[in-house]
Amino acid sequence: MPLEQLVQYLVSGLTLGSVYAIVALGFTIIFSVTGIINFAQGEFVMLGGMLSYWLLRGVGLPLLYACLLTVLVVSMVGVALERLAIRPARRAPIVSLIIITIGASILIRGVAGQLWGKDAVALPAFSGEAPVDVLGARIAPQSLWVLGIGAAAMVGLHVLLSYTMLGKALRACAINRRAASIVGIDPQAMSLFSFALSAGLGAAGGIVVSPLAMMSCDSGAMLGVKGFAAAAIGGFGSQLGAVGGGLLLGVLEALGAGYLSSSYKDAIALVVLFIVLFVRAHGASGERA
Amino acid sequence: MLILGEGRGRLALSGASLVLLAAIPWLGNAYYTSLAIVIGIHTLVTVGLCLLMGYTGQVSLGQAAFYGVGAFASGILSATYGVSPWLAMMLAALATGGLAYLTGYPIFRLRGNYLAMGTLGFGIIVYIMFVELDEYTGGPSGLSGIPPLSIGGFAFDSDLKYYYLVWAFCLLGLLTAQNIVRSRIGRALRAIHGSEMAAESLGIDISEFKVKVFVLSAVYASVAGSLYAHYTTFISPQPFGMNFSVELVVMVVIGGLASIWGAIFGAAAITVLGELLHGFGELDVIVFGLVLILVMVTMPEGLVRGVLDGLGRGRGKDRERSRRWWWRYLRLGA
Amino acid sequence: MPTPARIPSFTSRRSPLLITAFLFLLLSSLAAGLVGCSAAGKVEPYKIGGLFAVTGFNSPLGTPEKETALMLEDQINKAGGINGRPIKLIIYDTESDETKAVNLAKKLIEQDQVLAIVGPSSTGESLALVDTVEKAQVPLLSCAASAQIVQPVRKWVFKTPQSDSLAVGEIYDYLKAKSLTKVALLTSSGGFGTTGKKALETAAAQAGVSIVASESFGDKDTDMTVQLTKIKGSDAQALIVWGTNPGPAIIAKNMKQLGMSLPVFQSHGIANRKFIELAGDAANGVIFPAGKLLVASSLPDSDPQKSVLTKYAADFQAKYNKNADTFGGHAYDAIMLLKKAIEKAGGDRAKIRDAIENTQGFVGIGGTFNFSAADHNGLGKGSFTMVKIVNGEWTKEQ
C-alpha cells in the first residue's frame, strides 16, 4: 500500500511537472535569445487550452485541426507580442521590458475573458479516460500524453538547436548577440522566432493538459509563476534544466501534499526550491547554456 | 534649467505644493478623499520599493508580503490582544524589519532573475501563511474589529482626518528617503549600483548594505500596511498577494526607477487609471494592459522622466546615460 | 569591458511636489469629468448601487449577478418602475478586490447618492464594507454566502444567499439517515472552502459525524490525486468536497481515475451546469444541496417557489441564452427585496432598511425569506434541497 501510494504521488507529480516543464522551456527559450523574462508565457498556455476548445466546440473543427490551428495562431500572438510591444522598446531598461510583458499578459487575459467568458473549459481526453495501471498506481491516459508531449518538446528542441542552421543561429544569439550579428545572423529575426517558438510550445502544453486541468481565462498566472520557478531551478539558459526543474517542482508539490500537508504544499515546494537556488548560487549562475 | 528657479523660488514652490496637497480633501467630494488616502498608503510602499530596486538594481516581486505582515501584525496585536494601535504599529515595523533582516542575507545571495524568483517565492510563502494560520489571521474570511489610530481622545476615524495622517506619514517617508539618497549611505549604495567589484575594493560591505536597504523598504511597507489596517478596520489576505506585489513594481517603474518623488506619481497613476477605466466597462482590463504597454514602450524611463523629456526639459545627455544604464543592467543581470 | 555607467541621479532639482500635485489634480479632475455628468432627468429615478466582481477570481459569481441585475432593471422599468418612478442601477466592478470594493462603495454612497447597495459577490469584499455602510447608514444586501456577514447582526447589513451552515445541516441529516458516520473532507483553501470547512467541523459533533481525514486543495490546482490517495487510505465512509469550479470537477474525475467508490457529497458551489460539463461522466452519482432553482421543473405545483423559479430561469435564458444559476439568483433576491422595500418606504435609506427588516414571507430564488431584527438572512431549513446527478441531469433526492 505505501509503495502504491508513493508511485501514485510520483506519477501525479510528474504529470504536474511536465506542464511546468513546458512552461519553463518557453521561458528559457526567450530568455536565452533575448534576455527577457516573458511574464506572458503562462498566457500562451492558457490560450492553447481555450482557443482549441473554441475551435473544437464553437467552430466545429475536428480535434487534430483544432490543435494544429491553435498552435499556429498562438505562435502568431507571440510574434505580435515581440513585434509590437518588445521590439519598439528594445533599448529600454530590463525592468521596463518586464513590465511590458506583464502588461501583455494582462491584455491577453482580458481579451480571452471577453471572447470566451470566465468559465473553465476542458478538451475531451485524447484517448479516452480509462485509467492505466502502473505498478499499482492508476494514471489517466491523458497524463501519458502530457508526459509524451513534454518529452517530444525536449527532444525536438534539442534536435533543432544542435542539428539545424536555425538552431545554431539561435544559440549563437544566446551566447553573444553582437558577435552573432557580426557573422550575419539577424538577432531581431532570432528574437522573433524565439517568441513564436515559445508561444507555440506553450500552446501545445495548454492543449494537451486541458482535459486534465481545465483551463479558464485566468489559469495563465499560476502556470506562469510555477514555470518561472521551474526555469529558475534549472538555470535560466538550459533546456534540460528547465525540464528537470519542472519535473522536480511537480514531484515536490505532490510529495509535500502527500506526506506533509496539502494546505502547505506550495510553500513546501518553494522552500525546497530556495534551498536548491542557494546551493547553486555558490557556483556559477549557469545561464548561458 | 528646469522649471522654476532655485533657492528661495524652490522653497516657495514647495510651500505652494504643500498647500495644494492640504487642500485636496476640500476640493473634491469624500470619494476622492478616500481615493487619495489609498494613493498615499500605496505611495509609502512604493517609495520603499523604489529605494530597494533603484539601489540594488534588482527587482523585488514580493513586497506585498511585508505590507501584509505590517497590516496583520498591527491588526492582530490591536484587535485580538488589545495593544494600543500606535504601539502595535511600531511592533509590527520591528517584526517586519526583523523578518527582512533574516531573509535578506539568503535572498541577496541570488542575483538577477534568481533574485526575482526568490522574492516572488517569498511573497507566495508569506501569503500562504496568512491564509493558513487562520486562528490568528482569520484566514480568507479575514480579521475585523481593528481599532483606528488615535491620539489621546482624538481618533482618526473619518476619511478627512485620516487623509492628513496618511499624507503626513507619506511626506515624512519621502523626505527621509531623499535624505538617505543624499547621504553617505546613498553614495555608497550608488557606488554599489555602479560596480559591485569597485565598491567592494573601496571597502564597502555590499551584502550589508543591500540587506539594510531591504530592511528599510520592509519597514516602509510595514508602516503603510499598518496604516491600511487601521483605516479599513478589516483585512483579509486578499490584498497582500502576488497581484499587489506586481502592481507595486509597476508603480515604481511607471514613476521612474530613479525618482523618489516619482513614487507619488506612479502610485497615483495606477490607482487613478483604474478609476478612469471604469468608463470602459467590461473592456477595462484590456485597456489597462494596453496602456501599460504603450506607456512603457514610449516612456521606458517612467512617466515623470518621459513627460518632462517630452516637454523638452530633458538633458540630451540623459538619453546617452539611459542607454548605458540598460546595457550595464543586462550584464549585471547575469 | 562595460563602460563606467552614470546612475540616474536621485538628486534632481526639479520641483517634484509641484508636478505631482498638479498632475494628480489633473488626473482626478479628468476622472471627475468622465463620471460627473449624472442624469438630470425629468423624473428623478430611484438610484440603486451594485457592486459585483465582474472580473478577477470571483467573476463566476459577479457576472451572473450583474446580468440578473440588469435584466431586472429592464423588467421593472418596462413595467412602469416603482410607484411610477423608474429605477437606475449604478453598477461597478470590484475586480474581486476588497480595497476597490470599499472605495467603490464610498463612491456609490457619496458621489452617486444611491439608496442602497446590492452585492458584493464575495465574503471578503462584504466584510470589508461593513464599517463603511454602517457609518454612512446605507442598507447593504450582500450576495455572499458566509454566515459571518450577518452574525453578529449589524443594523444595515443583510444578505440573500443561504448560509453554508444550512447546506452542512442538509448533508449531515442525509448522512445520518444513511448511517454514514465517518467522513473525509476535501475543502478548497479559498474563502468558500474555509468557511464551509468550519461549518462542517462545528456541526459534526452534534450530528454524530466524525471527521477522519481532512485535506485541502487550492482553487487553481489542477490535480488532486494526491489528496484523494490519502483519503482512500483512511477509513472514511463518505467524502465531502467543498469548493467552486473547476476544482470539484477535477476531483470528480480524479476519483474515477483512482477507482474510488466512496459516496461523494459536494457543496452548493457546484450548483451549475458547468460542473456537469467539466466532470462529464464522473459527475454522476454526486449528491449535493442545491437551491431549488436547479430542479424547478420537477417541483410540485404546490411549492410556492415554483412559479418564481421557472419565470426567472426562462427570462434569463431568453435574454442571455444561457442557464440561470443560483449566484444570479442571489442578486435577483436582493433586487426584488429592495424593490418591495422601496415600494413601501419610498426614497429614504432608513425607512428602506426598516422595510427590509420587516419583510416576511417573501418568495425568492434562494427560498422564502422571513427577516427580523435578529435575522438578517431570513432563510431557514427549507431553502436547500438534496440533488443527485443522474445521467448528466439533476434529480431531486429524497
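User: Looking at this predicted model, against which elements do the buried residues of α12(C) pack?

Analyst: Happy to start there. The buried residues of α12(C) pack against β4 (140–142), β5 (157–159) and α11 (326–345), all of chain C.

User: Which residues of helix α12 in chain C are buried?

Analyst: A general idea first: an α-helix has 3.6 residues a turn, so residues three or four places apart point the same way. Now the case here. Helix α12 of chain C covers residues 349–357, and its buried residues are I352(C), R353(C), A355(C), I356(C) and E357(C).

User: Let's zoom out. Which domains does the assignment give for chain C?

Analyst: Domain 1 comprises 46–162 + 302–370, and domain 2 comprises 165–281. Taken over C-alpha atoms, the centres of these two domains of chain C are 29 Å apart. Six residues from domain 1 and five residues from domain 2 make up the contact.

User: How much area do domain 1 and domain 2 of chain C bury between them?

Analyst: About 570 Å², with 66% of it on carbon and sulfur atoms. On the domain 1 side, Q162(C), N323(C) and F327(C) lose the most area to domain 2, together 44% of what that side buries.

User: How many salt bridges are counted between these two domains of chain C?

Analyst: The count is zero. The rule also finds zero residue pairs in polar contact across this interface, with both residues at pLDDT 80 or more. By class, the residues of domain 1 that touch domain 2 are one nonpolar, four polar and one charged.

User: Now for the chains. How many residues do chain B and chain A bring to their contact?

Analyst: Chain B brings 48 residues and chain A brings 47. The area buried between chain B and chain A is about 4,100 Å², and carbon and sulfur atoms give 80% of that.

User: What is the count of residue pairs in polar contact between chain B and chain A?

Analyst: There is one such pair, counting residues that are both at pLDDT 80 or more. Several helices of chain B each supply at least two residues to the side touching chain A, among them α4 (85–107), α5 (112–132) and α15 (316–332). Of these, α5(B) gives the most, with 13 residues. By class, this side of chain B has 38 nonpolar, five polar and five charged residues.

Conventions. Residues are numbered from 1 along each chain as its sequence is written. Chains are lettered from A and ligands numbered from 1 in the order in which they are written. This is a predicted model: local features need pLDDT of at least 70, side-chain atom pairs count only at pLDDT 80 or more; totals for chains, interfaces and linings use all residues. Side-chain values use heavy atoms; hydrogens and water are left out. Buried means under 20% relative accessible area, exposed over 50%, partly exposed in between (1.4 Å probe, protein chains only). Helices (H or I, at least four residues) and strands (E, at least two) are DSSP runs, numbered from the N terminus. Contact means heavy atoms within 4.5 Å. Domain bounds come from an automatic or database domain assignment. Buried area is the accessible area (1.4 Å probe) that two parts lose on being put together, summed over both. A salt bridge is a side-chain nitrogen of Lys or Arg within 4 Å of a carboxyl oxygen of Asp or Glu. A polar contact is a pair of N or O atoms within 3.5 Å; within protein, one must be able to donate a hydrogen and the other to accept it, and residues adjacent in sequence count only if both atoms are side-chain atoms. Ala, Val, Leu, Ile, Met, Phe, Trp, Tyr, Cys and Pro count as nonpolar, Asp, Glu, Lys and Arg as charged, and the others, Gly among them, as polar.
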